[in-house]
Amino acid sequence: MATWGYGNDNGPATWVKSFPVAAGTRQSPIDIVPTAAKCDTKLTENPLTVNYSPEPAMELCNPGLSVKANIKSKSVIKGGPLEGEYKLEQFHLHWGSADKQGSEHTLNGKMFPAELHLVHYNATKYSSFGEAVDKPDGLAVFGIFLKISDKPHQGLKSLTDVLSEVQYKDKSINIKQEYNPVCLLPDNINKYWTYLGSLTTPPLCESVTWIVFEEPIEVSEDQMKAFRALCCGECGSAPIVDNYRPPLPLGNRQLRASFQ
Ligand SMILES: NS(=O)(=O)c1ccc(NC(=S)OCCc2ccsc2)cc1
Ligand SMILES: [Zn+2]
C-alpha cells in the first residue's frame with residue numbers, strides 16, 4: 001500500500017484513490033475571498049474564548065510529513081462558531097520550499113510561506129480525539145498564516161531552535177521549559193473566517209469547523225530555513241517542504257466572517 005505524501009506519485013491529486021471523501025462537498029483547504037464572506041454578528045455575540053494552559057514537557061515529534069507537538073494539558077476553546085468545549089490535541093505546520101508558497105488556505109488566491117494548525121476535538125460530546133475525528137462536529141482547527149519579518153517569532157523560537165533534534169522521521173524530544181501554546185496565537189483573535197471543512201491530509205474526514213485568523217504571525221527567514229531542514233525519513237532523505245494541499249471548491253458552503 002503506497003503511503004500518501006506530496007510527491008508526483010502520491011500527492012493530493014492521487015489521494016482520492018484510497019480516500020474517496022477527497023471528492024466530497026466539505027473538503028479543505030479553500031481559497032478565502034473576504035468579499036464573499038458573510039459577516040455574522042452571532043459570532044461576535046458569543047466571542048471565541050481561548051483557555052490554554054502551560055504544557056510542562058511538551059513532546060515535539062517528526063512524523064515524517066510535518067513537525068507536530070502533542071498536548072497533554074487541559075487547553076480548551078469555546079464560543080464563536082463552536083457549540084461546547086473543544087480540547088487542544090496537537091499542533092503542526094505546513095510550509096513551502098520557498099516563501100512564495102506553503103500555506104494551505106489562500107487569501108484572494110495568495111499563498112503564505114506557511115500555515116500553523118492547532119487541532120482541537122469536541123470534548124463536550126466525545127471522549128477522545130480518535131472518537132471525534134470522523135464526526136461532523138468532531139474537530140475545530142485554528143489556521144494561522146505565517147509571514148516573513150526580520151524578527152524571529154519568540155513563541156516559535158523555543159521550537160525552531162531545537163528542530164535539529166527531530167530532523168529525522170520518528171524522532172521526538174520533550175521541550176524542557178514549560179510551553180503555553182497561547183504564545184502562538186495572533187494578537188487579535190476576534191477577526192477570523194469560519195466554515196465547515198475537513199482534515200487537509202488523509203483520512204480527509206469532513207469533521208472540521210475551520211477558524212482561520214485574519215492576522216498572520218511573523219517569523220524570520222532563519223526560522224523558515226529550520227522547518228525546511230527537517231527530513232521526511234532518515235539521514236540523507238528528502239527535506240520536508242511543500243507539504244500543503246491546494247485549495248478545493250467552496251461549493252454550496254457559506255464562508256462566515258467575525259468582522260466587517
Ligand atoms: N492539517 S489538519 O489540521 O487538517 C489535520 C489534523 C489532524 C490530522 N490527522 C490526525 S491527527 O489523525 C491521524 C490519526 C487518525 C486518523 C484516523 S483516526 C486517527 C490530519 C490533518
Ligand atoms: Zn494541518
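How many disulfides does the structure hold? I counted 0 disulfides, taking a disulfide as a pair of cysteine sulfur atoms within 2.5 Å.

**Before going on.** I am reading a predicted model, where local features need pLDDT of at least 70, side-chain atom pairs count only at pLDDT 80 or more, and totals for chains, interfaces and linings use all residues. Residues are numbered from 1 along each chain as its sequence is written, chains are lettered from A and ligands numbered from 1 in the order in which they are written, and side-chain values use heavy atoms, with hydrogens and water left out.

**Entry: cysteines.** I reminded myself that a disulfide is a covalent bond joining the sulfur atoms of two cysteines. I then looked up Cys183: its closest cysteine sulfur belongs to Cys61 and is 18 Å away, too far for a bond. Cys183 is partly exposed at 31% relative accessibility; the label buried needs under 20% relative accessible area, exposed over 50%, and partly exposed lies in between (1.4 Å probe, protein chains only). Cys232 is in no disulfide either, as the nearest cysteine sulfur, in Cys231, is 7.4 Å away. Cys232 is also partly exposed, with a relative accessible area of 28%.

**Entry: the zinc ion.** Next I asked which residues are the protein donors of the zinc ion (ligand 2). I found His92 (NE2), His94 (NE2) and His117 (ND1), lying 2.0 Å from the zinc ion. Donors here are N, O and S atoms within 2.8 Å of the metal (3.2 Å for Na, K and Ca); water is not among the atoms, so sites may look incomplete. The spacing of the donor residues in sequence is H-x1-H-x22-H. His92 sits in strand E7 (residues 86-95) and His117 in strand E9 (residues 114-122), so this pair ties together parts that are 25 residues apart in sequence. Strands are DSSP runs of at least two residues, numbered from the N terminus. I noted that His92 is buried at 13% relative accessible area, and His117 is buried at 1%.

**Entry: ligand 1.** I listed 13 residues around ligand 1, and the closest are His92, His94, Leu199, Thr200 and Thr201; a residue is listed if one of its heavy atoms lies within 4 Å. A nitrogen atom of ligand 1 is 2.8 Å from a side-chain N or O atom of Thr200. For His92, the side-chain N or O atom is 3.2 Å from a nitrogen atom of ligand 1. I also noted that the protein buries 71% of the 520 Å² that ligand 1 exposes when taken alone, with accessible areas from the Shrake-Rupley method with a 1.4 Å probe.

Definitions and conventions: Helices (H or I, at least four residues) and strands (E, at least two) are DSSP runs, numbered from the N terminus. A polar contact is a pair of N or O atoms within 3.5 Å; within protein, one must be able to donate a hydrogen and the other to accept it, and residues adjacent in sequence count only if both atoms are side-chain atoms.
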